[in-house]
Structure formats: C-alpha cells, structure tokens
Amino acid sequence: MKFRNDDYTTACPVTTDNWEIWVPPADPAPDPNKLTPEILSQLAYNSTKLPKPPVVLSPGADRLVVNLGTRVKFEGDFDRVWTTARIDYKGVRMAATTVATPVALKVDAGTADADPQTCTYDLVKGKGGYTVDSSDAGCNVTYRRSSGDGTYPFKASITWKVTWTDSDNPDGPVRQPGLPDGLSTFEQDVTVHEIQAVNR
C-alpha cells in the first residue's frame, strides 16, 4: 500500500523493535474516510520479517551416523517480533501493530527412514524469550538408513501466532479479525554415514 499526493510529503513509517522502513508517496492519494486500522495492520503484516530458527545439529550435519541419536539444539532465546504501520495525514492519525509470537518448532528429518520423521516442540516463555529444551524432549531424530552418496533435506520451521492492535502499542488489546500464522524455516542438507564393523 503506497500513498501519493502533490501536497502530501509525509511518508508512512513501518517500524519494528529493531528496523524501520519508509513507504514513499505514490498514487492514489490516501482517503482518510477509507483508511482503517485493519488496512494498516495488513501493511504491517506484509512488512514483518521473521527470524529463522536458531537450530544446530549435534553431531554436525556432515557427521550423522545411522542409529545414533541426533540432537536438535535450539540455541538462544528469542522473543516476539512486532511491526507498526502509522499515518499522519491532514489531521488523521492512525496506527496498527502486528505482533508475531513464536509458538512451535517443527522438525522434519527429510526422509521416512528416520525415527521420528517429523516432530513438534512447543515453545515456552523463559527469562530471555521463547525457547525449547530439546535435551529432555523425546523428539530428537535417529536416522535408520545411510544417505549413501547423497544427502537428506533436514528442515526446522517456527510457527508464529500473529495478532494485531489498533495502536502503536504491541501490548494493546488484540483486535479481530485475526491474521494468518507466520512461518520461518531453516533448511540444511545432512549426510548420514553407516559405520560397519568386521568380526574375525
């Protein structure tokens, strides 16, 4: 959504807690009677950048072994992401803020020859943000077959629940209708080796 008017020189800022962009003037000119916080929430939603899951595999991606458990380490807490879109035009002041909260981490081993092939961790709010303790979870991956001369496409995805408020306050009352969930994904090719022993 872009705005333009010959006598309109104030751009519409879209901000988050750690970045800012400006929507330059454009056609058509904004109609204060048609603009709504819901429209601004859509602009904020489309401008939101979600971080990829901070996932590290142990052992490393090129050192996995058949029948040896692979721990999916979720390194570092991270918090909500919010984006505010606002406009100040001919006396009309309006804002909307979308808030994305991480709720679940889904792991996909990339092959049916893994136990389990897919699993999901619930993210919980800690002192430093949202995290998961994968060390005690029963959802770590064990590959049952070597990847041979190729690799398996390991994937980890974060599901984000997205809400919005009709102000520049991310903690304001949640408004309806709601917004679609967000998704951010980490992908990595993994090599699974098979260790063979010779008995004499």
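Which residues does Thr70 touch, not counting residues up to four places away in sequence? Before the reply, the ground rules. This is a predicted model, so to speak of local features we need pLDDT of at least 70, and side-chain atom pairs count only at pLDDT 80 or more, while totals for chains, interfaces and linings use all residues. Residues are numbered from 1 along each chain as its sequence is written, and side-chain values use heavy atoms, with hydrogens and water left out.

Now Thr70. With contact meaning heavy atoms within 4.5 Å, Thr70 touches Leu57, Ser58, Pro59, Leu64, Asn140, Val141 and Tyr143. Thr70 is found in strand β5, residues 69-74. Strands here are DSSP runs of E with at least two residues, helices are runs of H or I with at least four, and both are numbered from the N terminus. Thr70 counts as buried because its relative accessibility is 3%. The classes are these: buried is under 20% relative accessible area, exposed is over 50%, and partly exposed is in between, with a 1.4 Å probe and protein chains only.

Next, Thr142, which is placed in strand β12. Thr142 is buried too, because its relative accessible area is 14%. Leaving aside residues up to four places away in sequence, Thr142 touches Asn67, Leu68, Gly69, Ala114 and Asp115.

Asp115 brings us to the charged pairs. A salt bridge here is a side-chain nitrogen of Lys or Arg within 4 Å of a carboxyl oxygen of Asp or Glu. By this rule the count comes to six salt bridges. I will take three of them.

One joins Arg144 and Asp115, with the closest N and O atoms 3.4 Å apart. This pair links distant parts of the chain: Arg144 is in the loop between β12 (141-143) and β13, Asp115 is in strand β8 (residues 114-115), and they are 29 residues apart. Arg144 is partly exposed, with a relative accessible area of 43%, and Asp115 counts as partly exposed at 43% relative accessibility.

Another is Lys125 with Asp79, at 3.1 Å, N to O. Here Lys125 sits in strand β10 (residues 124-125) and Asp79 in the loop between β5 and β6, 46 residues apart. Asp79 is partly exposed, at 33%.

Then there is Arg86 with Asp168, at 3.8 Å, N to O. Arg86 is in strand β6 and Asp168 in the loop between β13 and β14, 82 residues apart. Both ends are partly exposed: Arg86 has a relative accessible area of 27%, and Asp168 has 47%.

What about Asp171? Asp171 lies in the loop between β13 (152-165) and β14 (182-190). Asp171 counts as exposed because its relative accessibility is 55%. Its side chain makes a polar contact with the side chain of Arg80, at 3.0 Å. A polar contact is a pair of N or O atoms within 3.5 Å; within protein, one must be able to donate a hydrogen and the other to accept it, and residues adjacent in sequence count only if both atoms are side-chain atoms. Asp171 and Thr97 are 74 residues apart in sequence, yet 9.2 Å apart in space, C-alpha to C-alpha.

Last, strand pairing, which requires that DSSP finds at least two bridges between two strands. How many bridges join β6 to β7? Nine, between β6 (residues 81-89) and β7 (residues 92-108), and the strands run antiparallel. Tyr89 has Val92 in β7 as its bridge partner. The two strands form a hairpin with two residues between them, and Lys90 in the turn has a positive phi of about 50°.
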